[in-house]
Amino acid sequence: MPAGRSTAAALARGPVTISFAGYNRAWASWIASRLEKHGVQVVLQRFDITPEASIEEALGDLLLAEGRVLIILSEWYFRLGPRTHDEWNTALRRVVPPHNERFAAVSVTPAALPSAAAALSAADLWGLGASEAERRLLTRLGMSPSRSTPGDTAGGPRFPLEQPAVYGGVPRRNTRFTGREELLGELHTTFQQAAPGAAVVTLYGLSGVGKTHIATEYVHRFQTEYDAVWWVRASERGTLREKLAGLAPALGLVTGREYGERLRAVRDALRRGEPYGRWLVVLDGADQPEDVYDLVPAGPGHVLITSQNREWGEHNSSLIEVPVYDRVESVAFVRRRAPRLGEAEADRLADALGDLALALDQNAGALNDSTTPVDEYIELLRRGADVEPGLKVAADFQMTYYTAFSILLNRLREDKPETVDLLRLCVFFAPGPIPVRLLREMQIRDVPEKLAGLLGDSVLWNNAIDKLAQWSVIQVDPQETAAEETVGTNEVVQMHRLVHQAVRAEMPQDEQSDYSRVVRKILAAADPARPADTRLWPRYAEIVPHLEASGALTSTNPEIQVMVLNCLRYLYLSGEYRTGLQIAEIAADQWPRLLPAGHPKLWDLVHHQTNLLRATGDIRASEAIDRAAYDRLCGDRGDRDLLVLRAAGNLSADLRSLARYDEALRLLEFARDGYRELVGVRDSRTLSVQKNIALTYRLLGRYDQAMRLDQETMEARRELLRDRHNWTLSSENSFAHDLRLLGRYEQATSVQERNCEVHRTVLGADNPQTLRAEHNLSQCYYRGGDRHRAASLMAGLLERCERVLGDTDPLTLRVKASYSAFEREHGDLDRARELGEAVLREYRIQLGERHPYTAGILGNHGLILRAAGERQQSQLEIESALVTMTAAVGEDHPWTLGCALNATAARNFAGDPEGAAELSRITADRATATLGKEHPLTLSCRIALATDLRNLRRRPEADKVEEEALAILSGTLGPQHPHTVAARSRTRPYWDFEPFSS
């Protein structure tokens, strides 16, 4: 027998994996039952693909299954992603022809499919009867029908084109239905696993979240498993009784005319499972379970309820909460509803509407039919503008989501008025989590009378919370809190942003003022007033999201303004720079109109705003603001004033970032002297300036002075604060950094390992101060010769910096620079080049060509080019780095000496041994004078000099220089340190520039 025929026969007998879109599950179930009847082992595999995934890879993954892959083709299969027909054609042409014998297909749609789908040679099952469809299916798979009656479905799923024997009231299938696959699967599984007579499931959730559409899709997707399906609108008891009674004639029941008698007959027939045991009854919109729970049918079938009211859980129903769409589903749905929107525009619309299905449908419909620019429309939504008149309502839900929310609020107002009072209070917090503790713990005076009753009566309060949660208006999530901080309830309330908008929009202006004032007082009372205390950061994290929504940023209340300033300080210390800048910019726009010129709080705001600007790398903006503030304050207040001294410290930080180190140092010394005179040598402000002076020493290359001053500051902070205070930890990190720069690698590593461990415990793994400490530790490992630990730490650190701070944050750039240098020597040269060029590009933008950081990274890039064999360009960049660095920081600075060390090698490679040797001697002498004869950089310069002397055939002198350097290296770093081993093997040394924190 020919091999091809043998393979085909084996495949025909083997297992079959059925790949289908969730929309076509009914077809998949029927096909599986037909194949199993013929003895074929079948695996059902719902096909799904995310927008960023590769279609080609997803199709290729189907071939990992044993046997043949049967694809059920429909327009839904090719909408997954969603992707264009061109994209599908490309993938199909690459995957199907090489594996033609493994793929088979059937088509279950009259719609046009991608042209390349023809390669699957699909059997067309659309519009056929069950017998012919089964015959074509088996023929496509190379099988012969058995003698059993074709199309016989006894005990199995019905043919998908045949409706159940009894079928009534079911809405049309939504052709734009999107996602919800996991939820539909959970619903089906819950029914299948329910005990006999107990298969009642309630889909509950906020109005407009899509409960009815999910129930409709469930019916259409799984109707082949039922012999009777009956859909009932269940919002009113009378309507429910009447519609259930209408099932009697459909079941063939003979009863009297009264619908009460027919209803009893229906319930009895369903309970007995006669004439049909496989039945499904859907009670849609059953929002008042106490009115209708006694009418829920019992028996062998299934009952599906949709409701806003989770109280169905008290009436023997399983509950499945319907959340808003996830973002991938939202974007896919919007793009189907409004094809003119791109993916990014759909994402922004989904964000503005909180992923609520009904709102997405109506607003996307309105956008698709208008010429309004998408971003303009989204801005209208964000401002709460009235877009309701233009919304597109569907035939099956002929009201806008605004109207739906209004109906719900009116129902709550009539039932429990205090729930609406609570909602009105909540909407002056931001949408999202609202810690109930903030509302209950604080003693607030001067509140509206109805709120005083609500806040003071725990029974009334709890009943209001429970009622709102019962109706899915809010979600209540318990939060774990440290035991010593927990007082009373620790629940968190969450409200959808559209409910938030609807409640706020219907409030009279005077009530808005009253309620917002109460919320501002609540936030101010929650301020622990110690933003530098890391133990209190969780409390600030609760307050910050609500500053703008409560009106705190435009308040004239001094207590609230102090709270805002404390929040800005917390945001800076905790590394939430972007959020802090957004708040500071709003306050900076408003406060000059609220406070008199020169008010101290305005200068406090400037202080926090420029700290945040500097932290995000916007140095020019911070320097301009700080210089104007310093000049103004000096003119108004004179030299010896605390605000003037703080402004001097701020301006010095900008000058450090701009590499104006001498000017920065003079300002810091002025501030130090002033603080010592006004507040004393042990005050925290004096110590902060002292730490910054040490940092400036480090930037000036005066490492020994920096180390002594950092050690003094660290010990003072340990005494005045505590070992685990974040300022003490910062000083300890600086001390370890100084030790490393002095070549005392073992001691630096010992200090920094402990420092990092405490940082992670106290501040958290992703705090910028922790990330800085870990960067220092990675460099301690690397310089100390532990390359494996350095590589492991740097790779994870870069990922976290990019995730937490962004690609262009100053700290992220520092880590990229270090990782690039490491990869050049010990990893992937292409990766090193990619990282190095990204840093160089960003420094040129942020700092300019003449900044020492730009020069240093240019020199690093020259080393990468040399490793890549591009020696001419390498020499140009290394020499350019030396010239620029010399101009920026002087010829004796360690950075300049390092650039000169690299330039000696470049000159040697360029065939200029005399020039190399001359530069090597000058560099070695200057390094000895600046850093001392035992410093690693000095020793590297001496080793390079020995190499250059040897190239000039001056071997005796070269040997002497080399022997002295090797002896010191062995004595200081150890005989097995990589620097020592490299020097012993006469590998020419190099120097990597490392940007410092400024």
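**Strand β8**

I began with strand β8 (residues 228-233), where five of the six residues are buried, so the strand is largely enclosed by the rest of the structure. Buried here means under 20% relative accessible area, exposed means over 50%, and partly exposed lies in between (1.4 Å probe, protein chains only). Strands are DSSP runs of E with at least two residues, helices are runs of H or I with at least four, and both are numbered from the N terminus.

I noted that this is a predicted model, in which local features need pLDDT of at least 70 and side-chain atom pairs count only at pLDDT 80 or more, while totals for chains, interfaces and linings use all residues. Residues are numbered from 1 along each chain as its sequence is written, and side-chain values use heavy atoms, with hydrogens and water left out.

Next I looked up the pairing of β8; two strands pair if DSSP finds at least two bridges between them. β8 pairs with β6 in the parallel sense over three bridges, and Val166 has Ala228 as its partner in β8. Six bridges join β8 to strand β9 (residues 279-284), again in parallel. There, Val229 has Leu280 as its bridge partner in β9.

**Thr306**

I then turned to Thr306, which sits in strand β10 (residues 302-307). Thr306 is buried, at a relative accessible area of 1%. I listed its contacts (heavy atoms within 4.5 Å). Leaving aside neighbours within four places in sequence, they include Leu203, Lys211, Asp284 and Ala286. With Asp284, the side chain of Thr306 makes a polar contact of 2.5 Å. A polar contact is a pair of N or O atoms within 3.5 Å; within protein, one must be able to donate a hydrogen and the other to accept it, and residues adjacent in sequence count only if both atoms are side-chain atoms.

**Salt bridges**

I counted as a salt bridge a side-chain nitrogen of Lys or Arg within 4 Å of a carboxyl oxygen of Asp or Glu. The count by this rule is 77.

I looked at Arg173 and Glu217, whose side chains meet in a salt bridge at 2.7 Å, N to O. This pair links distant parts of the chain, 44 residues apart: Arg173 is in the loop between β6 (166-168) and α6 (181-193), and Glu217 is in helix α7 (residues 211-222). Arg173 is partly exposed at 23% relative accessibility, whereas Glu217 is buried at 1%.

I also checked Glu964 and Arg942, whose closest N and O atoms are 4.0 Å apart in a salt bridge. Glu964 lies in helix α44 (residues 955-972) and Arg942 in helix α43 (residues 936-951), so the pair ties together parts that are 22 residues apart in sequence. Glu964 is partly exposed, at 39% relative accessibility.

**The five-stranded sheet**

I traced an open sheet of five strands, in the order β2-β1-β3-β4-β5, with parallel pairing. Its edge strands are β2 (42-46) and β5 (123-124), each pairing on one side only. Strand β1 (residues 16-20) is joined to strand β3 (residues 68-73) by four bridges, and Thr17 stands opposite Val69 in β3.

**Confidence**

Last, I read the pLDDT, the predictor's confidence in each residue, from 0 to 100. The chain averages 89, and 94% of the residues score at least 70. Over residues 1-6 the pLDDT is below 50, and this stretch has one contact beyond near neighbours in sequence. Residues 479-489 also have a pLDDT below 50, with 12 such contacts in the model. Where pLDDT is low, the predicted coordinates should not be read in detail.
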